[in-house]
Amino acid sequence: MEASCQLFLRAWINNGVERMEDERRLTPQDVATANDNLKTFVESMKAEALAHGTDRLDNKCFHAAQHKLEQRSFITVFSLWPFWPHAVSG
């Protein structure tokens, strides 16, 4: 994984943790859901890397995986809580 991609992913994780704290959803089940959803996103990044003929995760893979989430959310209700969709400020 390239260093710049690590920064994007860390920021994404930090935002998810903040959302969990803001929503007071910190039970073991909530943490397990967040972990599973993070794994799903990383697997999507890996698929994007392979589709582009590489095995390195970079910013292009990160943004392509995010774009796929956006496309999927237009078609159906889809969530990778607490990471996607982004929290809405009230």
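Reply: Gladly! Helices (H or I, at least four residues) and strands (E, at least two) are DSSP runs, numbered from the N terminus. With that in hand, aspartate 30 is placed in helix H2. This is a predicted model, where local features need pLDDT of at least 70, side-chain atom pairs count only at pLDDT 80 or more, and totals for chains, interfaces and linings use all residues. Residues are numbered from 1 along each chain as its sequence is written, and side-chain values use heavy atoms, with hydrogens and water left out.

Me: Why does aspartate 30 count as buried?

Reply: Buried means under 20% relative accessible area, exposed over 50%, and partly exposed in between (1.4 Å probe, protein chains only). Aspartate 30 has 11% relative accessibility, so the residue counts as buried. Contact means heavy atoms within 4.5 Å, and aspartate 30 touches Met20, Arg25 and Trp81 when residues up to four places away in sequence are not counted.

Me: Why is glutamate 48 called buried, and which residues does glutamate 48 touch?

Reply: Glutamate 48 is at 10% relative accessibility and therefore counts as buried. This glutamate is found in helix H2, residues 28-51. Setting aside residues up to four places away in sequence, glutamate 48 touches Cys61, Ala64, Ala65 and Lys68.

Me: How do you know whether alanine 65 is buried or exposed?

Reply: Alanine 65 has a relative accessible area of 0%, so the label is buried. Alanine 65 lies in helix H3. With neighbours within four places in sequence left aside, alanine 65 is in contact with Phe41, Ser44, Met45 and Glu48.

Me: And why is arginine 24 called exposed?

Reply: Arginine 24 counts as exposed because its relative accessibility is 74%. The residue sits in the loop between H1 and H2. Most residues other than glycine have a negative phi. Arginine 24 has a positive phi of about 55 degrees although it is not a glycine.

Me: How many aromatic pairs does a search of the whole structure find?

Reply: The search finds five aromatic pairs. Rings of Phe, Tyr and Trp (its six-membered ring) pair if their centres lie within 6.5 Å; planes under 30 degrees apart count as stacked, over 60 as edge-to-face and the rest as tilted.

Me: What makes tryptophan 12 and phenylalanine 83 a stacked pair?

Reply: Their rings are 5.0 Å apart, centre to centre, with 15 degrees between the planes, and the pair is stacked. Tryptophan 12 lies in helix H1 (residues 3-22) and phenylalanine 83 in the segment after helix H3 (59-75), so the pair ties together parts that are 71 residues apart in sequence. Both tryptophan 12 and phenylalanine 83 are buried. One aromatic cluster is formed by Phe8, Trp12, Phe41, Phe62 and Phe83.

Me: How do you know that the radius of gyration of the chain agrees with a compact globule?

Reply: The radius of gyration is taken over C-alpha atoms, and the globule rule is 2.2 Å times the number of residues to the power 0.38. For 90 residues a compact globule would have a radius of gyration near 12 Å; the chain has 13 Å, which agrees. Of the 90 residues, 32% count as buried.
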